[in-house]
Each structure stands twice: as structure tokens, then as C-alpha cells.
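Student: I would like to go through the aromatic contacts here. Please set each value against its definition.

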Amino acid sequence: MPAPPQVAARAYMVMDADTGKVIMSSREGERFPPASLTKMMTSYIIAAELAKGNINKSDLVPVSVKAWRAPGSRMFIQEGTQVLLSDLMKGIIIQSGNDASVAMAEYIAGSEAAFADLMNQHAGLLGMQNSHFMNATGLPAEDHYASAEDLALLARAIIQDYPEHYGIYSEKYFTYNKIRQPNRNKLLWRD
């Protein structure tokens, strides 16, 4: 058996999305701040709400001051405007937009705190035992953590449960408000 490859990550898990078989892992159960990988759960909940018919891709989502002011990576939505839900999905998945994540959290749950409760409910249903969410963005917060194993379970659920949205994750660019940004997933340019 060959030695596993060196991976420049504190923790990781490689899982077959079809079978759930773990191919390799390291420190997979340890809790770390998930940063923007948090948005995997944000987008999973959006897909779940779309599937239930609670929201629609053609909905116009209002942008609050809190969403507009969200620091870090952004989609560059403007406070006081309304943005097409399908655009916000791309802004979250492709651009890792913190502003888009807050706007969607507020739209779905009324507040980002209420949305975090929803995130934790979904995490429990998915068997994510080493994860706890405090926000929709992944911005640093006390008691906001996830494990590589849990994020692998979540990634598999995204692929298995909502395959109709999975193509968005491979889009290399998204342009909104005349601002073209590349997908933050560097693996899309490796091969």
C-alpha cells in the first residue's frame, strides 16, 4: 500500500460521493473554524428550501444594511436593493459572498441568528457531530466550528440530495453588477 500523499491542510477527508467510502483522511474528527466552507451549509439550506417550495429562484431578495456591510469576500450587492435569488446563490457558491450569505439568511429565517439555528438543525439531521454554526458566512465567531468528516458528509449531501444545483460549484466565473469574479475554488484551475 503506497503512503498517502502529503496534503497541505490541518485536517482532511477524501470520500467517494456515491458510496460514502472514505479513501483517506487525517484528523478528520477534530474541530476547526471552517471559514468559508461554512457556505456549503448555507447553500445546502437554500437548496432544501427551494426543494420544499418555500423560496423560488425568481424571488427578489431585499438587501439589508447588515448584508451590505458584511466584511470579507463579497458579491457587491447594494443596500436597499432587491437581488434575484438565483444570483445570490451564485454569489455564495462561486464568489463566497458574505454579503449574499447574510441576505439569504435573513430572507429564509428572518435573521442570521435564526438561520444559524436552522444550520445546526440540518447539521444534526446529517449526522455532523463535530460542527456548530454561529453565522451563515464563516466569519470568525466563538463556538463556530466544523470537522473535515462533517464537511465531507455535507459535501456528499449536496451532491446526492440536490444534484440539480451541483453544476454551479464548477462555474469558473460569475459577473454581478458589472463585476466579474473568479470562483474561489482553486481546484477548478488545477487540471
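Tutor: Tyrosine 162 is buried, at a relative accessible area of 14%. This is a predicted model: local features need pLDDT of at least 70, side-chain atom pairs count only at pLDDT 80 or more, and totals for chains, interfaces and linings use all residues. Residues are numbered from 1 along each chain as its sequence is written, and side-chain values use heavy atoms, without hydrogens and water.

Student: Why is tyrosine 44 called buried?

Tutor: Its relative accessible area is 6%. Buried means under 20%, exposed over 50%, partly exposed in between (1.4 Å probe, protein chains only). So tyrosine 44 counts as buried.

Student: What makes tyrosine 44 and tyrosine 162 an edge-to-face pair?

Tutor: Their centres are 5.3 Å apart, with 65° between the planes. Rings of Phe, Tyr and Trp (its six-membered ring) pair if their centres lie within 6.5 Å; planes under 30 degrees apart count as stacked, over 60 as edge-to-face and the rest as tilted. Therefore the pair is edge-to-face.

Student: Why does this pair tie together parts 118 residues apart in sequence?

Tutor: Tyrosine 44 lies in helix α1 (residues 38–52), and tyrosine 162 in the loop between α6 (148–161) and β5 (173–176). Helices (H or I, at least four residues) and strands (E, at least two) are DSSP runs, numbered from the N terminus.

Student: Why is the pair of tyrosine 166 and tyrosine 169 called tilted?

Tutor: The planes are 40° apart and the centres 5.9 Å. That angle is neither stacked nor edge-to-face, so the pair is tilted.
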